[in-house]
Amino acid sequence: MKYKLLGRSGLKVSELCLGTMGFGTEAGWGADAATSFDIMDAYANAGGNFLDTANMYKLGTSEKIIGDYLSNQDRDYFVLATKYTLKDNTTNPNASGNNRKNMMRSVERSLKRLKTDFLDILYLHIWDDITPVDEVLRAMDDLIRQGKINYAAISDTPAWVVAKGNTLAELMGWSQFVALQIEYSLLARTPERELIPMAKHFGITVTPWAPLAGGALTGKYLRGEKGRIKPESNRLNERSESITKVVVDIAEELGVSPGNVALQWTRQQGFSCIPIIGATKVDQFIDNLKTIDVTLSDDQLKRLDEASAIQLGFPGDFFKEEAVRNNSFGGFYDRVEKR
Ligand SMILES: NC(=O)c1ccc[n+]([C@@H]2O[C@H](COP(=O)([O-])OP(=O)(O)OC[C@H]3O[C@@H](n4cnc5c(N)ncnc54)[C@H](OP(=O)(O)O)[C@@H]3O)[C@@H](O)[C@H]2O)c1
């Protein structure tokens, strides 16, 4: 396993992150504590150090399992990320959302469940469209000064909000967001419109969730096998089938699993990217770790791109128009080396 620097920080995280949303058997799916421990052992033995959880995964069980595991491990080896925003078992008007009061309350509870006195990374989980972003960054910066968290990060939020937040933080001398967690895979490429260019500009590392589209990209549904995704899901349709077939063909060419190809695709898109591997079964997880040894050729990347391309919409597609690129920019548009 190699290590990457997370965003514009000096923090070293392994090139694959372990997603623990499935640690706990609540809601009829997921890994029990013993299997979760085995997955974390396999990950650490392979050199992995980057754990992703959230206050409400499996109603707090995910954090509790990690806390129990870390109690018998070298806590400092791991880079532990959790999230706040969504309600846990407290209900009052401020027990959810991005507000400062909920952030402070949620972090205290996470620290108890995780049996640690600091978090390496705190993500805002989902934008609430209510709280001013300066309130979020200032509160995260206070947690950093208190030694309760080391880095600020954000998930599932519009690009303009993240951009405003990081710009304000730079001006105010607050810690900036170092990671952006978003759904991104061969089936979900809309972040290429705004979020990914924004992350590139600010040097924020993208940590894609559902990089296997919940398992659809492993090809198992094409083979008639069953899994967590329900047949009516929009991850299983004609488009996803045709994309997955290309993934399966390329996997056969390379002698690796389709999941490896789908995960590696996210890592060869020209921006800092650490996919979050959601694991509930040890054998699947061990197979997914083999991604680090896979390299896709230019031709394979092109075939995957063509099979899964989306329209950028306005203004992304507008800039690509011949009339705009060549005529309106006096023929210089394609001759400039871009950042
Ligand atoms: N920020 C957010 O809003 C957000 C949202 C969702 C997730 N997340 C984070 O991202 C992580 C990953 O999300 P995800 O679990 O949806 O990701 P995913 O990697 O797209 O899907 C994981 C699922 O794919 C199947 N799978 C994985 N490897 C396989 C293999 N080798 N062969 C066959 N099937 C395989 C398994 O499903 P089966 O059970 O069907 O076998 C597994 O549970 C989560 O754990 C969480 O940490 C964040």
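Two housekeeping points. This is a predicted model, in which local features need pLDDT of at least 70, side-chain atom pairs count only at pLDDT 80 or more, and totals for chains, interfaces and linings use all residues. Residues are numbered from 1 along each chain as its sequence is written, and side-chain values use heavy atoms, with hydrogens and water left out.

Let's start with the ligand. There are 29 residues around the ligand, and Asp52, Asp156, Gly214, Arg228 and Lys281 come nearest. Near here means that a heavy atom of the residue lies within 4 Å of the molecule. How does that shell divide by class? Nine residues are nonpolar, 13 are polar and seven are charged. For the classes, Ala, Val, Leu, Ile, Met, Phe, Trp, Tyr, Cys and Pro count as nonpolar; Asp, Glu, Lys and Arg count as charged; the others, Gly among them, count as polar.

Now the polar contacts, meaning pairs of N or O atoms within 3.5 Å; within protein, one must be able to donate a hydrogen and the other to accept it, and residues adjacent in sequence count only if both atoms are side-chain atoms. Alanine 213 uses its backbone: a polar atom there is 3.2 Å from an oxygen atom of the ligand. Glutamine 284 uses its side chain, with a polar atom 3.0 Å from a ligand oxygen.

How much of the ligand does the protein bury? Taken alone, the ligand exposes 920 Å², and the protein buries 92% of that. Accessible areas come from the Shrake-Rupley method with a 1.4 Å probe; for residues, only the protein chains shown count as cover.

Which elements give two or more residues to the shell? They are β10 (276–278) and α9 (282–289). The largest share, three residues, comes from α9. Helices (H or I, at least four residues) and strands (E, at least two) are DSSP runs, numbered from the N terminus.

Next, salt bridges. Side chains of opposite charge can pair when their charged atoms come close. The rule here is a side-chain nitrogen of Lys or Arg within 4 Å of a carboxyl oxygen of Asp or Glu. By this rule the count comes to 18.

Take lysine 115 and aspartate 68. Their side chains meet at 2.6 Å, N to O. Lysine 115 sits in the loop between α3 (100–114) and β6 (119–124), and aspartate 68 in helix α2 (residues 61–71), so the pair ties together parts 47 residues apart in sequence. Buried or exposed? Here buried means under 20% relative accessible area, exposed over 50%, and partly exposed in between (1.4 Å probe, protein chains only). Lysine 115 is partly exposed at 47%, and aspartate 68 is partly exposed at 35%.

The second pair is arginine 189 and aspartate 305, with the closest N and O atoms 2.7 Å apart. This pair links distant parts of the chain: arginine 189 lies in the loop between β8 (177–183) and α6 (195–202), aspartate 305 in helix α10 (residues 298–308), 116 residues apart. Arginine 189 is buried at 5%, whereas aspartate 305 is partly exposed at 34%.

Two further cases. Glutamate 225 pairs with arginine 223, with the closest N and O atoms 2.9 Å apart. Asp88, Arg105 and Arg109 are linked in a network of salt bridges.

On to the backbone. Most residues other than glycine have a negative phi, and most peptide bonds are trans. Alanine 27 has a positive phi, near 65 degrees. This alanine 27 lies in the loop between β3 (17–19) and α1 (33–45) and is exposed, at 75%. Threonine 85 has a positive phi of about 145 degrees. Threonine 85 lies in the loop between β5 (79–84) and α3 and is buried, at 4%.

A cis peptide bond joins phenylalanine 314 and proline 315, with omega about 5 degrees. Proline 315 lies in the loop between α10 and α11.

That brings us to the patch. Phe314, Phe318 and Phe319 form a nonpolar patch on the surface, with about 340 Å² of accessible area together. Patches are made of residues with over 30% relative accessible area and no salt bridge: like charges are joined within 9 Å, nonpolar side chains (Val, Leu, Ile, Met, Phe, Trp, Tyr) within 5 Å. Phenylalanine 319 lies in helix α11 (residues 316–320) and is partly exposed, at 37%.
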